[in-house]
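Hello,

Please open the structure below and keep it beside you while you read. My notes on it follow.

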Amino acid sequence: MKGPDLYTIRRRVSGRLLLLLCLAMLFACGKDDAQTGIVFAVGGAPSELAAWEKVVRKFEAESGISVRLLRQPANSQQQLQGLMVAMKSEQENPDVFLMDVAWVGLFSAAGWLEPLDNLDQGPFFQELLQQTDIYEGALMAAPVYLDGGLLYYRTDLLEAGGLSAPPQTWRELAESAEKVQELMRPENPDFFGFVWQGAQYEGLVVNFLEFAGASGGIQLQNETGGVRVALEANLEALRFMRDLIWDYEISPPSTYTEMQEEEVRTFFQSGNAMYERNWPYAWALHQSDDSPVKGRVGIAPLPAPEGDQSVSTLGGYHIGVSKYSDRKADAKKFAAYVTSKEAQWMVVLELGWNPGRGDLYEDEALLERYPHFGEFKDIFRKARPRPVIPYYIQVSNVLQTYISGTLARNRSPEAALARAQTEIDSLEKRYREEAP
Amino acid sequence: MTSLSRLIDRLEDAVVRRTFLEKEHVQAVFFMFPLMFFILVFILMPVLGTLYDAFMRDVIFLEKEFILFTNFRYLFSDPGFWNAVRFTLLFVLISVPLELAIGLMIALVMNETIPMRGLLRACVLIPWAIPAAVSGRVFELIYNYSYGAANWLLRVLHITTEPVNWLGTEIGAFAAVVAADAWKTTPFAAIILLAGLAAISEDLYNQARIDRAGFMTRFFKITLPLLKPVLVVTLLFRTIQALRIFDVIYVLTGGGPGGATEAVSNFAYKYFTAGDFGYGSAASVILFLVALLLSLFYVKMSRFGEGVSHG
Amino acid sequence: MGEETLKKILLTGGAVLTILFAMLPFTYMVATGLSTGADFLQQGQDYGFTLSNFATILFAESSHFVRYMLNSIVISGIAAVISVFCAALGAYALTRFQVPGGAVLMLIVLAISMFPPVSLVSYLFKFMTWLGWINTYQALILPYVAWTLPLSLWILVSYFKQVPLELDKAGLIDGASRLQILVKIILPVAAPGVFSTALLAFIFAFNEFLFALMLTTDFTARTIPVGIALFQGIHGQIPWGEIMAAATVTTIPVVVLTLIFQRRIISGLTRGAVKE
């Protein structure tokens, strides 16, 4: 072939340069835009994000540190996965994020959290801090809002169910719900007595713990350090949960396939249920102007199993700073701001959340606006956290599978619980075993 | 272009001089290099890495330790693992023959010269071209208890009076997964079988027609026997692919209800996201070994089949 | 002619059933995307036509859909191009040079394409973490190239085999190098095959799920399949209308490509799986 002429050379060189440029631009597109601030990962409903926007703007105005909100999926399992991938791959973003309280144990044990030594621990509920946030003496996370399971009920239908006050035991609840459902069904065939979170996710375990009461749950054995779930109270709870759907028939069959927080809330809010088990966030939404049940909703502590004490599972989100953040000082400042009175007031006002700061529960102005905060301060202080063990997620996965299987009537409660215990024991053994 | 090839040429000559290999061999190596690089670094290395990891206690909150077969020991006594194995095998056993049967029927129709042929081909390809995660969500809606199309169909055709809780029962969820996966993979089987059908000589059919053989006889005495090698090969190929199912289950059932539809891939993934990489790797190694065995068998069969199909 | 009419009936019936089988879910998806509520099949509910779902996913600030689309197209496009290029080089070597163990290599590559993705993903994750490439384009492009290579190689080998060696010889006589022969002679001649290969590689990369799920953490590099699988929408409860709208928009390029190039796709697939 003849040698290339000048024209061809020019064409080829420019062609190659263009290609290189395109590739370079595309790689650049694939990377994060250069940030001068910190990245705050937070998930949830759009009303929550709007509230966070306000908090963030105030912080930026006061501190001069810019904050970028990174929106996470509303599904908590996916939030967890997103955070875990980021932590495991030692990403610098997000710098600061919200974690479900159930994950704090894992994140601390995995060494992913930067101690929040700039925070004053005083204003918080000490028992809760000790149980969840303090790891090896250092404060690894701080509560942004507290959550405890609550019972919502229709005040206008309580009498029809034969009660003058909210039910004290689960049996009372079932019986009154049955009565109301019978009453309402002729005109409203979609009405169900009791809606709760039964889909196969963490919320299922949360509900389960509440059905089981104080003598049930996931008990940490001090001697072996292991976890025990094969308890009589748990068996009763499983039976009851199954019966709610298939025997009493006061909970819809979609409970164990679809019902998570929002599905339950919208179901109750549309006027189709007597009782609802949900977190405090639902209150504000039920009382909003376009809610069909506005003014007809009451809240109460959850019922207890016969002869036992009622348990409200501790929920809520805590704020943590990533150990791999490239702007730790700024991130810690932001964490401190989020747990300051000012910011906490904002989330309370905007979202009706229970603040993580204990001292706000004595605040006069707050109590005037949200009188029920005073009532439930004790509930939340006594709310029971899930066991703070590093492998809690795996225990929860096992429980979710077997509880869901029981609800789907694939297994008997006895078999399910026994198997769950076996798998959990095996899990623990595997983690404890010494290397050969 | 020319300067690049001249550069490569010079490199090749240098290698030839140094190693006294044939120039052609050196050129072959150069040409094969990019391909081998990608496969080595992004497929072989990760597989070996996973294998290595399966022998480690690799948990995010524990010290990383070499524990040899401990993960496997626990895996084999883990009812969750065997549940996943059982489901995966059952899934493969039922969905693959089903796909092939339906695929064969579709291929038979597409093989004929009918006016709608082009439209047919295009329609058939569409399910295959859609991402499994997307079709998973569509089927999630189809199987919705309250307003999904499946229950609507059953109601409208008066087959049931109560809505069926598809995703809430073991059998319903299984059927849902099989249907969702079959929708996507049957077109692939159909296309391969179509090629096999097209390879059968028309003369054989003409001869059979002269001999007054009806089309059922033609099908069973000519089509099926000659199609057998392709059927076997496709069966094996689809089996290996079906073993690694993940997308549809992740989206459609999440392994539920109660773990009834959890495949081995999903089982391993669950442990990855809980931070236990060693255990998850062990499970995926088992799956890999089974797939490897079957694919070696497949390779052997297709070599064998090649000679036969042109007989 | 009873038998002929029976056959016609069966054929037409079969064709109709096939079309229904393939298109019903697809139609349902589009219909839901265009409706005000996903529950239009429920007793007592009506169908309301609206474009708002599409508007939301395309234009709402919190919707990253357009970004996912961009990511997917760019990542799959680049991966397909590189894959075809590397496969072309390899296919040329395998069909023109006497590569020792060439046939065995092809079979090994075939076996490799059967590996379950789950057995690769955890290590790929660690590898990408170590490189600092999590949540970037390259984290997905490079594995996708490797992932689509076996298929690309098989298809191109089958096409290249059909290109007569005389063309090579003519080029060699003219003093061209092997690389020049490949690029200037073979590729243009096998252009339809090359195009089929690129198309198939694109589709496979576009539809891939597990790697994208584990190697990306947010919209920066996330692809469409993962975006749609994790789609939460704006209202808490599963927003079927929006998901189906997103699914529809996703499938549009794929469907268009499929409709136009169906012949190519089919010939590529059959060459890749059934050896000629």
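**Chain B against chain C**

Chain B and chain C bury about 9,400 Å² between them, of which carbon and sulfur atoms give 79%. Buried area is the accessible area, taken with a 1.4 Å probe, that two parts lose on being put together, summed over both. In chain B, the residues that lose the most area to chain C are B:Phe31, B:Phe42 and B:Arg137, together 9% of what that side buries. The contact takes 98 residues from chain B and 103 residues from chain C. Contact means heavy atoms within 4.5 Å.

**How to read the model**

This is a predicted model: local features need pLDDT of at least 70, side-chain atom pairs count only at pLDDT 80 or more, and totals for chains, interfaces and linings use all residues. Residues are numbered from 1 along each chain as its sequence is written, chains are lettered from A and ligands numbered from 1 in the order in which they are written, and side-chain values use heavy atoms, with hydrogens and water left out.

**Chain B against chain A**

Here the buried area is about 3,100 Å², and carbon and sulfur atoms give 52% of that area. The contact takes 41 residues from chain B and 37 residues from chain A.

**Chain B as a whole**

Chain B has 13 helices and 2 strands. Helices (H or I, at least four residues) and strands (E, at least two) are DSSP runs, numbered from the N terminus. The C-alpha trace of chain B spans about 75 × 65 × 35 Å along its principal axes. Its radius of gyration is 25 Å, while a compact globule of 311 residues would have one near 19 Å. That radius is taken over C-alpha atoms, and the globule rule is 2.2 Å times the number of residues to the power 0.38.

Of the 311 residues in chain B, 59% are buried. Buried means under 20% relative accessible area, exposed over 50%, and partly exposed in between (1.4 Å probe, protein chains only). The accessible surface of chain B comes to about 13,300 Å², and 69% of it belongs to carbon and sulfur atoms. Accessible areas come from the Shrake-Rupley method with a 1.4 Å probe; for residues, only the protein chains shown count as cover.

**A sheet in chain A and the helix on it**

Now turn to chain A. Its strands β9-β12-β8-β13, in that order, form an open sheet of 4 strands with mixed pairing. Two strands pair if DSSP finds at least two bridges between them. The edge strands are β9 (192–195) and β13 (297–300) of chain A, and each pairs on one side only. Neighbouring strands of this sheet are turned by 15° against each other on average, direction ignored. Strand β8 (residues 150–154) of chain A runs antiparallel to β13(A), and 4 bridges join them. A:Tyr153 stands opposite A:Gly298 in β13(A).

α9(A) packs on the sheet and touches β8, β9, β12 (273–278) and β13 of chain A. Its direction makes about 155° with that of β12(A). Axes are lines fitted to C-alpha atoms, for helices over the stretch in contact, and angles run from 0 to 180 degrees between N-to-C directions.

Why is α9(A) largely enclosed by the rest of the structure? Because 8 of its 9 residues are buried. Among them are A:Val264, A:Phe267 and A:Phe268. The buried residues of α9(A) also pack against α10 (281–286) of chain A. Just after α9(A), A:Gly271 takes a positive phi of about 90°.

Most residues other than glycine have a negative phi, and most peptide bonds are trans.

- A:Asn93 and A:Pro94 are joined by a cis peptide bond, with omega about 0°. A:Pro94 lies in the loop between α3 (76–88) and β3 (96–100) of chain A.
- A:Glu136 is not a glycine, yet has a positive phi of about 50°. A:Glu136 sits in the loop between β5 (134–135) and β6 (138–139) of chain A. A:Glu136 is exposed, with a relative accessible area of 72%.
- A:Glu249 has a positive phi near 60°. A:Glu249 lies in the loop between α8 (232–246) and α9 (261–269) of chain A. A:Glu249 is partly exposed, at 47% relative accessible area.

Best wishes
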